[in-house]
Amino acid sequence: QVQLVESGGGLVQPGGSLRLSCKASGSIFRIISMGWYRQAPGEQRDLVATINSGGAINYADSVKGRFTISRDNRENAAYLQMNTLKPEDTAVYYCNAYLYSDYRTWDSYWGQGTQVTVSS
């Protein structure tokens, strides 16, 4: 059993900042990658940023230069620092992890989501 718990969402004014946190716990052998996705009402879930075990990072074009993803391998945690937030960043943000629960079994896991609202 693996759980991902997100925190850090909330209401912020345009131009403001938020930091999201995600911590994985449970039966974890090795985490391959962690990432953040977001879903606005009526839209599909889209990639925001990912980071793999080697530190390689991928960002959606819409967040490049504003968001920074980081990871703490010892804590099985990932973070998303969001700066210069815009109303179009409003969405539910989901943490994702691809991981091995034992030496041969891997799967994708999702957190419950945290709401980010950017509004004046």
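**View 1. Ser-21 and the residues it touches.** In this predicted model, Ser-21 has contacts with Val-5, Glu-6, Ser-7, Trp-36, Ala-78 and Tyr-79, leaving out residues up to four places away in sequence. You will find Ser-21 in strand S3, which covers residues 18–26. Ser-21 has a relative accessibility of 19%, so it counts as buried, the cut-off being under 20%.

**View 2. The pairing of S3 with S8.** Follow S3 across to strand S8 (residues 77–82), and you meet an antiparallel pairing held over six bridges. One place to look is Leu-20, whose bridge partner in S8 is Leu-80. As a reminder, the strands of a sheet pair through backbone hydrogen bonds, in either a parallel or an antiparallel way.

**View 3. The largest nonpolar core.** This core holds 29 residues, and those touching the most other members are Trp-36, Val-48, Phe-67, Leu-80, Met-82 and Tyr-93. At least two core residues come from each of S1, S3, strand S4 (30–39), strand S5 (46–52), S7, S8, strand S9 (91–100) and strand S11 (114–118). S9 gives the largest share, with five residues.

**View 4. Tyr-93 and its contacts.** Which residues are in contact with Tyr-93, once neighbours within four places in sequence are left aside? Among them are the core residues Trp-36, Val-48, Phe-67, Leu-80 and Met-82. Tyr-93 also has contacts with Glu-6, Leu-20, Tyr-37, Arg-38, Gly-113, Thr-114 and Val-116.

**View 5. The whole chain, for orientation.** The protein has eleven strands and zero helices. Its radius of gyration is 14 Å, which agrees with the value near 14 Å for a compact globule of 120 residues. The C-alpha trace spans about 50 × 25 × 25 Å along its principal axes. Of the 120 residues, 40% are buried. Among contacts with a separation of 6 or more, 55% join residues 24 or more positions apart. The accessible surface is about 6500 Å², with 45% of this area belonging to carbon and sulfur atoms.

How values were computed
Residues are numbered from 1 along each chain as its sequence is written. This is a predicted model: local features need pLDDT of at least 70, side-chain atom pairs count only at pLDDT 80 or more; totals for chains, interfaces and linings use all residues. Side-chain values use heavy atoms; hydrogens and water are left out. Helices (H or I, at least four residues) and strands (E, at least two) are DSSP runs, numbered from the N terminus. Buried means under 20% relative accessible area, exposed over 50%, partly exposed in between (1.4 Å probe, protein chains only). Contact means heavy atoms within 4.5 Å. Two strands pair if DSSP finds at least two bridges between them. The radius of gyration is taken over C-alpha atoms; the globule rule is 2.2 Å times the number of residues to the power 0.38. Accessible areas come from the Shrake-Rupley method with a 1.4 Å probe; for residues, only the protein chains shown count as cover. A nonpolar core is a set of buried Ala, Val, Leu, Ile, Met, Phe, Trp, Tyr and Cys residues joined through side-chain atoms within 4.5 Å.
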